[in-house]
Amino acid sequence: MRTKKEKKNIWMTLLLAVGLVTILFPLYMTIVIAFKNPSDMTTNIAGLLSLPKEWSFHNFIEAIETTNFFHTLWNSFVITAGAVIGVIFLNSIAAYAIGRNMAKSKYFKGIYLYFICGMFVPFSMLMLPLVKEVSIMGLDNRFGLILLYIVFNMPINTLLYTGYLKNIPIALEEAAYVDGANHWTVFWKVIFPMMKPMHATVAIMTALSTWNDVMMPLVILSGGDESSTTLPLAQLLFQSTFGTNYNVAFASYLLALLPILIFYLFAQKAIINGVTNGAVK
Amino acid sequence: MKKQKRIHILFTLPMVALFFTFHTFPLIRGLMYSVTNFKGFGSYDFVGLSNYIELFKDERVLNSYVFTFKFAIVCTIVVNILSMCLALLLNSKIKAKGFFRGMYFLPNILGGLIVGYIFNYIFTFIVPEFGKMVGNETLSVSILGNTSLAWIGVVIVVAWQSIAFNTIIYISGLQTVPEDVYEAGAIDGATGWKRFWKLTFPLIAPFFTINMVLCMRNFLMVFDQIMSLTNGGPAQSTESISMLIYKAGMTADQFGYQSANSVIYFVVIVLISLFQMKVLNKREVQL
């Protein structure tokens, strides 16, 4: 019985190992092309798949110069960090007030539904008027993008935070009030730290979606501030510059993927847990 | 208690103000633009419902709906079948479980636009070479250049990324099924396929619902991958609704007209989400 079971495991493990090819092949191609010299690119299948004759960093230097890599990297970082901090703070405080009062107050029940309904609205529906509005307000820049991410993450986070709040006993707050704490301190010193697991989920979901987002920066920055360009958007904007030089293009793609790959390498468990919690809860 | 309520209202005000300014207000403006002939600049007139009537006669619009739905339905089915299989494998007694789960989740964290560019290269250069090698004529030219096949390329790329995500949801579903259910089932003769269909599947039905709803919603909004894979081509055969609104609304003077399109699009998304939740919720089994 036991040996039979072990045998089965190995087959399944093998199957999964073979399946990994589908995941790794595109990444392998990216790395190989990014390191090859343009003269090293042949059209036959063996040449396409082979490792570079010599590993050249030249493509990366060129990609960094053409796409202004460090500048766009910094933009993406500032926007993502700003969005995460803003979302955690502003969304959680509003959701806290909603969660604690919606059972007994029509106002809070109303804004709960108001935020939740936002989930059904596709971004493309708001896109056209939003671009006009944002450019009139002079917010077609990094700061404007951060504000928009805080707004567009509110519907899902209302759901997540109010759901999590149900697990935090109200007695804790009452005890704090008895000790003379005011409403602000109760939130900031008691509730906010207790919501830490949910902050982690929210932070990871926001960070991933903000970092990888193309549509919002594409439309919001289209009329204005080109210096705010984010890392993925730069890949789109520089397509014509890359032309048929796939080596520089792929070096640029690889550079753009690198930060998130490194992040994933170190925080893999937290990321998978965060994404799962966000969807299942 | 009165005072607490007042202060808690203050707590919500920043978000309510921001949400109204950047979400509700543009929504209302969109509704207003949808009954005008606004080009995105200059003056405009009220045109009643004529934009809406035009939409139903516009071949480009109808094609984008057909493509988006065909893509979303096929992709939802493909993704759910494959991620269910993958989840069953990853949840069984295998070696290096953590490693495999980590690897198979990888596509999900990568940006859709860049993934699209990478696959663009694979479809344009590598697959045709492979096709020539095995002597298959359809595969010898890039499928992205073929109006009747390009959409399959989009399905492959989007599925590649989504399977990673949906598998994780199914795994967390499978972990909620207690071992003794299987033991009891085994006594009654439920093994193999029967075990999956009669025991596992009904118990993880809520996760099936989540995945179906999320898939359909995300796929109906597809944008990034198409942008880099086909840019809507060839001959607009892979132009999704989002992409049409973006392209025609932002650059082709159809601001008012595409606003009407986006209102229809919004109604469609709401109806489908509600329909799915209603139908799929009926099938769930409580343990």
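**View 1. The interface between chain A and chain B in the predicted model.** In this predicted model, 67 residues of chain A are in contact with 72 residues of chain B, two residues being in contact if their C-beta atoms, placed from the backbone, lie within 7 Å. Helix α15 (residues 246-280) of chain A contributes 13 residues, the largest share of the side of chain A that touches chain B; helices here are DSSP runs of H or I with at least four residues, strands are runs of E with at least two, and both are numbered from the N terminus. By class, that side of chain A holds 49 nonpolar, 16 polar and two charged residues, where Ala, Val, Leu, Ile, Met, Phe, Trp, Tyr, Cys and Pro count as nonpolar, Asp, Glu, Lys and Arg as charged, and the others, Gly among them, as polar. The model scores ipTM 0.88 and pTM 0.88.

Residues are numbered from 1 along each chain as its sequence is written, and chains are lettered from A and ligands numbered from 1 in the order in which they are written. Local features need pLDDT of at least 70 and side-chain atom pairs count only at pLDDT 80 or more, whereas totals for chains, interfaces and linings use all residues.

**View 2. The packing of helix α4 against helix α11 in chain A.** Helix α4 (residues 69-101) of chain A and helix α11 (residues 196-212) of chain A pack at an angle of about 145°, with their axes 9 Å apart; axes are lines fitted to C-alpha atoms, for helices over the stretch in contact, and angles run from 0 to 180 degrees between N-to-C directions. Among the residues making this contact are A:Ala83 and A:Val87 of α4(A), together with A:Ala203 and A:Trp211 of α11(A).

View 3. The assignment, from an automatic or database source, gives domain 1 (2-56) and domain 2 (60-280) of chain A. Seven residues from domain 1 of chain A and seven residues from domain 2 of chain A take part in the contact, and the C-alpha centres of these domains lie 34 Å apart.

**View 4. The helices of chain B.** Chain B comprises 13 helices and zero strands, and its C-alpha atoms fill a box of roughly 75 × 75 × 30 Å, taken along the principal axes. The mean pLDDT of chain B, the predictor's confidence in each residue from 0 to 100, is 86, and 97% of its residues reach 70 or more.
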